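Here's a quick briefing to read with the model open beside you. It starts with the sheet and then moves on to the helices.

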Amino acid sequence: MYSNENICIDDDNVFSLVMPTDRPLKILQLTDLHLGFGLISKKADTLAMNAVKVLVKKTSPDLIVLTGDSIFPFIPKSGTRNNMKQAEKLVAFFDGLKIPYAYLFGNHDIEMGSKGNKEQIADIICGGNYSIFSKGDANIFGVGNYLIKVLNFKKELVSALVMLDSNMYGNGWFFSGFDCIHSDQIDWCMHNLSKLKEQNSKLKALAFFHMPLAEYKIAYEKMKLGDKTVTYNFGSIGEENDYLGISKNKCDFFEKALENGVIKAMFCGHDHYNTLSLTYKGIMLSYGMSIDYLGYRGIEKRYTQRGGTTITLNQDGSFCVAPVPLTRVVSGRVRGQKSYDNVTAGKG
C-alpha cells in the first residue's frame, strides 16, 4: 500500500490525498487493459503496456485510476485462468511506473473458473508499493468501495474521488446479464459524501466505476433527438448498433447522486469502442478511452477508441476532463478525421 506525506489512509476505506502546492492535480483514467499475461497473449500484452507507458509519459499524472477489466483470465484469449499471477504481474508493472494507482474491479477480472476470487485478488492489489486501494466495508456488497478525499495545499477538503465496485453478473455468471451498483453501496456512498459536505458545502466529487449506468443511454438518446438539456462534451459511441452494456437491474445511483448534490462527474469503461462524454442534469457522464488489444475480436487493428482520459482537478475543486488518444481519431460528431488536441474539454 502506498503512503507518503501527501497520501495516507484515514481508516479502512477512506484515503486522504494532498494536492501539489503550485498546480492542479492530474488524474489519468485507464480502463479495460485486458492484460492476459499468458502463453498466447504476449504480443497483445506488450502492446497494451507500451500504450500505458506512452499515455503516462504524455500526461505525467499524479494519480492513475484503473476502472476495471485490467486483467483477463480467459483461457481462449490469454492462455491462462490464473488471475492471481496476472494480478501480481499487473501490480509489478504499475509499481514500476512509480505513480500511485487506484484500482477497481470490472466484470472480467474474476472470470468463471479463474483461480482467485475477489478477496484474493484484492489482497494482491493491496500489496502494491504504489497501490491506493481498499476492500471497503465487508458489510456492504462488492469489493473495492472506498473514498479518496482530496485536500488542497492548505489541507482543506476540496473534492472526493468515489470508487465503487459495479460488480459482475446478475447471478454470478456471464449469461445472467450484467449486475450493477447495489443499494447498500449507494447508501454508504451518499452517507459518506453528506458527512464530507459538512466540511465543505461546495464539495464536488467524482465517481469511478466499471459499467455504465442506464442514464448514459438515456442521455445519449436524448442528445440524438436534439434535447438541449444534454450537453455534448466529446467522443462518440463506437459499439455496433449504438450498444451500451448497461444492467437490466434497477439502479438508482444517478437519482441518489442528484438528490445528494455532491457528485458532479462519473467515469466508466466496459464498452471498449465507446468514448462519449455528455453532461446530463448537471452531472458529466464519461466513458474512458480503452486500452484493450485482447478482449474484442479484431480490436488490435482498431485505433480510434484507444487512449486514456485526463481529469485536471483545480485547487478550488473545479475540474476539466479531456480524452487522450494514442493516435488520431474519428468522432461520430465530426465529419472526417480530426485530432482531439484542440477539443474543448468538459468542465465542472
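Two strands count as paired if DSSP finds at least two bridges between them. With that in mind, strand 9 (residues 204–208) and strand 11 (residues 263–268) run parallel and are joined by 4 bridges. Keep in mind that this is a predicted model.

- Picture an open sheet of 9 strands with mixed pairing, laid out in the order 1-2-7-8-9-11-13-12-10.
- At the edges sit strand 1 (7–11) and strand 10 (230–234), each of which pairs on one side only.
- Going from one strand to the next, the twist averages 20 degrees.

- Met266 is another one to click on, with Leu285 as its bridge partner in strand 13.

- Helix 6 (residues 214–224) lies across strand 10, strand 11, strand 12 (277–280) and strand 13.
- Relative to strand 12, helix 6 runs at about 90 degrees.

**Helix 5 against helix 7**

- How do helix 5 (residues 183–197) and helix 7 (residues 253–260) pack, and at what angle? The angle is about 15 degrees, and their axes are 11 Å apart.
- Angles under 35 degrees count as roughly parallel, and helix 5 and helix 7 are therefore roughly parallel to each other.
- The crossing of helix 5 past helix 7 is right-handed.
- From helix 5, the residues in contact are Ile186, Cys189, Met190, Leu193, Ser194 and Lys197; across from them, helix 7 brings Phe253, Lys256, Ala257 and Asn260.
- Sorted by class, this contact between helix 5 and helix 7 has 6 nonpolar, 2 polar and 2 charged residues.

Methods. Residues numbered from 1 in each chain as written. Predicted model: local features only at pLDDT ≥ 70, side-chain atom pairs only at ≥ 80, totals over all residues. Heavy atoms only, no water. Axes fitted to C-alpha atoms, helices over the stretch in contact; angles between N-to-C directions. Helix = DSSP H or I, 4+ residues; strand = E, 2+ residues; numbered from the N terminus. Parallel < 35°, antiparallel > 145°, perpendicular 65-115°, else oblique. Left-handed = near helix turned anticlockwise from the far one by under 90°. Contact = heavy atoms within 4.5 Å. Nonpolar A, V, L, I, M, F, W, Y, C, P; charged D, E, K, R; others polar.
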